[in-house]
Amino acid sequence: MLEKYFDLSKIKIRTGKDIEVYPKIDDRKSWESLSGDIKESLVREAEEYINYNYPALLAMNYEKLYSEDSRDPYMKPYYHRREVLTKLVIAECIENKGRFLADIVNGIYLVCEETTWMDPAHSLVNYAVNDGERDILPNKKSEMLDLSLGHTALVMAWTYYLLKDRLDEITPLISQNIEVTMDEKVFTPYLKREDIWWFTFGNNWNTFMNNCIARAASIVLTDEKKLRKVLEKSLWSIDCYFKAYPYDGGCEEGTSYWHSNVGDSFLEWIKYVTFDKVDIFKEQQLKNIADYERNMYVGKNNYVSVSDSHMHFEKEKTETLFKIGKLVGNENLKIMAAKRGIEDVQNKTFIVDILNSLFYNNLSEEISKLENKEVSFEKSVWYDSIETAIWREKETEGGLFFTIKGGNNEELHNHNDVGNFAVFNDCEPVIIDAGMGVYSNTAFSPLRYTIWFFNSQYHNVPYIGGIEQKSEDKECKAINVIHTENSVSMDLAPAYRDDSILQWTRRVKYDRENNEFIFDEHYEFTDEKEIDLHFMLAEDVTVESDRIILPHNMELCYANMDASIDAVSNSDKIMEKNWGKIYRLKLRTSGKCGDIHYTIAKRK
């Protein structure tokens with residue numbers, strides 16, 4: 001899709017002096033035109049950090065990822081440094097009195113002097129320079145380029161962009177320190193390394209990192225020849241990513257990662273810095289990728305949760321959603337953004353989010369014009385690339401919503417969940433995918449599937465004779481997947497990788513006339529096995545002899561099975577925040593070969 005742009009030698013590009021994305025400190029009209037309440041609030045927040053002692057980044061706190069399975073001791077002060085610096089920079093731009101400059105300079109030098117900008121968790125990816133060994137302590141020689149480095153590169157670049165003239169009045173050494181440090185930590189390794197997996201790999205690191213580095217290079221690099229090399233390499237890398245991305249736009253990582261794939265995107269930036277010469281937002285694949293967000297949207301700010309994505313979405317990405325809707329010409333995405341609402345700028349900590357909220361093309365005014373419009377949906381959607389069906393009762397928000405996935409158990413950010421489904425009514429969760437909890441060392445180790453929310457026992461799939469789904473390779477998958485407008489069937493047996501499970505075909509039909517989902521499960525084993533059908537719930541339910549009274553005016557009708565419900569033992573902070581209590585309903589039977597029939601429907 002981008003091959004024709006790999007050589008930028010004949011295309012004019014914007015360099016640092018040409019870039020005018022946000023108003024710099026000397027654009028007093030723009031900064032002074034902000035709401036008085038917002039200005040006062042942002043300045044007041046920054047005043048807490050006058051004469052501030054930035055927190056230390058202790059080497060042995062880096063090691064605690066390995067000894068205590070926690071990156072918080074190192075990463076909390078790491079990100080706090082950047083958040084404080086950001087608050088001070090924004091306040092100085094608002095006030096323009098020099099009150100915050102000393103603490104800004106202190107923050108710049110502290111960040112520049114850090115041994116590494118890498119998150120200790122990302123040394124697990126095993127591409128540090130020391131022959132694939134993990135860095136248990138910060139490594140000055142590492143040429144690692146990870147997500148935290150990308151975040152830091154943007155904080156430093158936009159600080160440089162906004163305040164360079166003021167910093168140079170103190171001494172040009174400050175800006176030079178940023179230039180030299182970023183060249184050493186970011187741009188030179190980026191051009192040198194060819195073996196970093198995300199350059200050619202099809203997940204969100206590719207787009208996020210290329211976006212961060214291309215933007216930072218455009219702002220900070222003074223060597224135009226080197227800048228062109230950075231942009232050309234990022235074009236090549238992004239092209240590798242989109243070649244691996246399904247044409248239909250299906251994202252196996254879910255909506256939490258969609259924003260990295262297309263939002264805040266490198267594609268928008270390269271369009272800008274090439275004076276619109278590199279523009280692929282009219283490509284159908286990009287339109288399909290963008291529309292994934294709409295198709296996975298349930299309503300009331302709830303989304304389908306798959307892999308490590310969450311069901312709930314914060315308002316902080318409203319600007320991104322609206323912006324992408326504009327770029328690809330998708331009015332529904334713009335309306336979704338308008339309904340989500342803009343988060344107060346005071347709640348934002350990342351410098352890009354703050355600047356977008358303050359200045360992005362009068363976004364608040366544009367969004368307000370769409371708040372009363374309705375998003376329109378297709379009643380039936382099928383993503384062949386990720387074997388995901390979506391059914392809606394209505395073409396607008398509300399009513400029944402159902403989704404089911406096939407796929408395989410080696411997907412990016414995988415959970416063992418082949419055949420998993422979710423049900424909503426009037427935008428409220430009835431049967432859930434719990435989503436992702438706190439990231440930890442264990443979550444990205446061979447012990448990943450010992451954590452309950454990754455395990456198939458805590459998804460809406462069968463538990464067969466004590467056998468769980470496996471994630472040994474891509475052959476742990478659904479087969480014989482057949483989809484029609486209102487039905488889907490798939491054989492889940494290969495996902496269990498057990499010779500005694502010959503077949504488990506899950507068939508689901510949406511009976512629109514009666515507002516019910518009809519399940520027929522056909523199984524064949526080499527011997528008789530105990531069978532548990534699991535259903536994950538965010539609320540307790542009432543169990544009757546032939547039906548389960550589900551929340552939000554729904555019921556599950558069954559026969560000849562024993563029903564029980566238990567609360568999931570859950571100490572995970574993110575799960576607690578997202579759901580509160582989580583319950584698991586079990587329907588138990590046994591057999592060697594047979595069929596199980598049940599329905600999930602609106603109560604009459």
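This is a predicted model: local features need pLDDT of at least 70, side-chain atom pairs count only at pLDDT 80 or more; totals for chains, interfaces and linings use all residues.

Colleague: Which helices do the buried residues of H7 pack against?

Modeller: They pack against helix H5 (101-113), helix H6 (147-170), helix H8 (204-220) and helix H9 (224-244). The buried residues of H7 include Ile-174, Ile-178, Met-182, Val-186 and Phe-187.

Colleague: How should I read the nonpolar core, and which residues have the most contacts inside the largest one?

Modeller: In soluble globular proteins, nonpolar side chains tend to be buried together. Here the largest nonpolar core has 140 residues, and those with the most contacts inside it are Trp-31, Trp-158 and Met-182. Helix H6 gives the most to this core, with twelve residues. Apart from it lies another core, of 45 residues, among them Tyr-496, Ile-501, Trp-504 and Tyr-523.

Colleague: Which residues does Trp-158 touch, not counting those up to four places away in sequence?

Modeller: Among them are Val-21, Tyr-22, Ile-219, Trp-269 and Leu-355.

Colleague: Let us turn to charged residues. How many salt bridges does a search of the whole structure find?

Modeller: Side chains of opposite charge can pair when their charged atoms come close. The search of the whole structure finds 38 salt bridges. In one of them, the side chains of Asp-119 and Arg-71 meet at 2.8 Å, N to O. Asp-119 lies in the loop between H5 and H6, and Arg-71 in the loop between helix H3 (59-67) and H4, so the pair ties together parts that are 48 residues apart in sequence.

Colleague: Is Asp-119 buried or exposed?

Modeller: Asp-119 counts as buried because its relative accessibility is 4%, and the cut-off for buried is under 20%. Arg-71, with a relative accessible area of 22%, is partly exposed.

Colleague: With which residue does Glu-521 form a salt bridge?

Modeller: Its partner is Arg-506, the closest N and O atoms being 2.8 Å apart. The pair links distant parts of the chain, with Glu-521 in strand S12 (residues 516-537) and Arg-506 in strand S11 (residues 501-511). Both Glu-521 and Arg-506 are buried. Elsewhere, salt bridges that share partners join Glu-3, Asp-239 and Lys-243 into one network.

Note on methods
Residues are numbered from 1 along each chain as its sequence is written. Side-chain values use heavy atoms; hydrogens and water are left out. Buried means under 20% relative accessible area, exposed over 50%, partly exposed in between (1.4 Å probe, protein chains only). Helices (H or I, at least four residues) and strands (E, at least two) are DSSP runs, numbered from the N terminus. Contact means heavy atoms within 4.5 Å. A nonpolar core is a set of buried Ala, Val, Leu, Ile, Met, Phe, Trp, Tyr and Cys residues joined through side-chain atoms within 4.5 Å. A salt bridge is a side-chain nitrogen of Lys or Arg within 4 Å of a carboxyl oxygen of Asp or Glu.
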